[in-house]
Amino acid sequence: MAKGGLGAGLDSLFIDNTSEVQVKKTLRVLDLEPNRDQPRKNFNDEALTALAESIREHGMIQPILVRPLPTGGYQIVAGERRWRAARMLGLDEVPVSIRELTDVQTMQIAIIENLQRENLNPVEEAKGYNELIEKYGMTQDAVAKMVGRSRSAVANAVRILSLPDEVIEMVEGGNLSAGHAKALLGFDDKETLVKTALRACDGGMTVRQVEKLAQKSEEENSEAPASNRNIDNYFVEMEVSLKERLGRKVKVDYGRNKGALILEFYDKEDLAALAEKLAKE
């Protein structure tokens with residue numbers, strides 16, 4: 001990812017990601033603590049061992065970016081893998097760059113650093129975006145500009161979190177790709193979704209095959225006989241029309257003398273955009 005996509009003011013903080021940085025200070029490994037809110041949760045043991053061997057041979061070229069804590073000590077902002085590798089080697093001290101940073105700046109940098117190194121799995125990425133949106137009040141547009149991606153890419157990433165827990169675990173474990181996860185969002189029925197996810201695990205189905213199954217499932221639900229869904233052709237056609245106009249899943253349920261219109265939305269921002277669009281119709 002190019003650094004041109006970073007949010008204003010964040011570029012200067014990433015000077016520490018270059019080998020030309022002049023290390024100003026070292027701190028004891030024991031004085032540093034990881035950021036529990038950082039998006040990356042999974043660390044590959046084999047990759048850490050390789051990094052430790054590299055540090056043993058060449059030293060730590062890039063300092064760890066940290067911020068001072070009010071309670072004492074320092075919190076790691078960027079470079080937790082290097083810190084873990086240093087602990088594996090039994091090092092007493094590591095080179096650091098100390099900055100005064102807010103919580104939101106710390107989260108932004110942690111996400112960007114991991115995305116630039118492609119270290120986040122799709123679920124970690126989605127949770128990172130979602131935390132910036134829900135906890136720190138950033139809009140999807142602001143997050144998208146920060147990481148140099150489109151708003152739709154951020155929205156689609158966050159949608160993965162709406163999948164069933166067992167499917168999210170498959171994605172976190174690397175058994176399902178981000179493409180599979182997004183394709184699975186096309187299923188309305190949870191049981192069918194989970195069964196398809198299990199079939200798709202470890203390359204059992206391509207993303208395109210999952211998409212076709214989701215589309216087929218949706219068409220079968222839309223074309224179910226009126227006697228089964230208590231709905232006639234008018235409501236089926238209206239459902240299809242609304243789906244096309246609004247660009248989202250739409251479900252029309254109609255029973256005896258009453259009905260319900262169900263519209264899918266992804267987050268607060270998307271709901272507001274939908275409400276505005278409906279108001280103009």
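Biologist: Across which strands does helix 2 lie, and at what angle does helix 2 run to strand 4?
Modeller: In this predicted model, helix 2 spans residues 80-89.

Biologist: In what order do the five strands of the open sheet stand, and which are the edge strands?
Modeller: The pairing in this open sheet is mixed, and the order is 1-5-3-4-2. An edge strand pairs on one side only, which is the case for strand 1 (25-28) and strand 2. The edge strands are thus strand 1 and strand 2.

Biologist: Why does N35 count as buried, and which residues does N35 touch?
Modeller: N35 is located in the loop between strand 2 (32-33) and helix 1 (45-58). Its relative accessibility is 9%, and because the cut-off for burial is under 20%, N35 counts as buried. Leaving out residues up to four places away in sequence, N35 touches Q75, I76 and T106.

Biologist: Which residues of helix 6 are buried, and against which helices do they pack?
Modeller: Helix 6 comprises residues 151-159. Its buried residues are V154, A155, A157, V158 and R159. These pack against helix 4 (122-134) and helix 5 (140-147).

Biologist: Which elements give two or more residues to the largest nonpolar core?
Modeller: The largest nonpolar core has 21 residues, and those with the most contacts inside it are L163, V167, L176, L184 and V210. The elements that give two or more residues to this core are helix 7 (165-172), helix 8 (178-184), helix 9 (190-200) and helix 10 (207-222).

Biologist: Which residues are in contact with L184, beyond its neighbours within four places in sequence?
Modeller: L184 is one of the residues with the most contacts inside the largest nonpolar core. Its partners, with those sequence neighbours set aside, are L163, V167, L176, L193, T196, A197 and V210.

Biologist: What share of the contacts between residues at least 6 apart in sequence joins residues at least 24 apart?
Modeller: The protein chain has 281 residues, of which 42% count as buried. Its secondary structure comes to 13 helices and seven strands. Among the contacts in question, the share that joins residues at least 24 apart is 68%.

Terms used: Residues numbered from 1 in each chain as written. Predicted model: local features only at pLDDT ≥ 70, side-chain atom pairs only at ≥ 80, totals over all residues. Heavy atoms only, no water. Core = buried A, V, L, I, M, F, W, Y, C linked by side-chain atoms within 4.5 Å. Buried < 20%, exposed > 50% of the residue type's maximum accessible area, 1.4 Å probe, protein only. Helix = DSSP H or I, 4+ residues; strand = E, 2+ residues; numbered from the N terminus. Contact = heavy atoms within 4.5 Å. Pairing = 2+ DSSP bridges. Axes fitted to C-alpha atoms, helices over the stretch in contact; angles between N-to-C directions.
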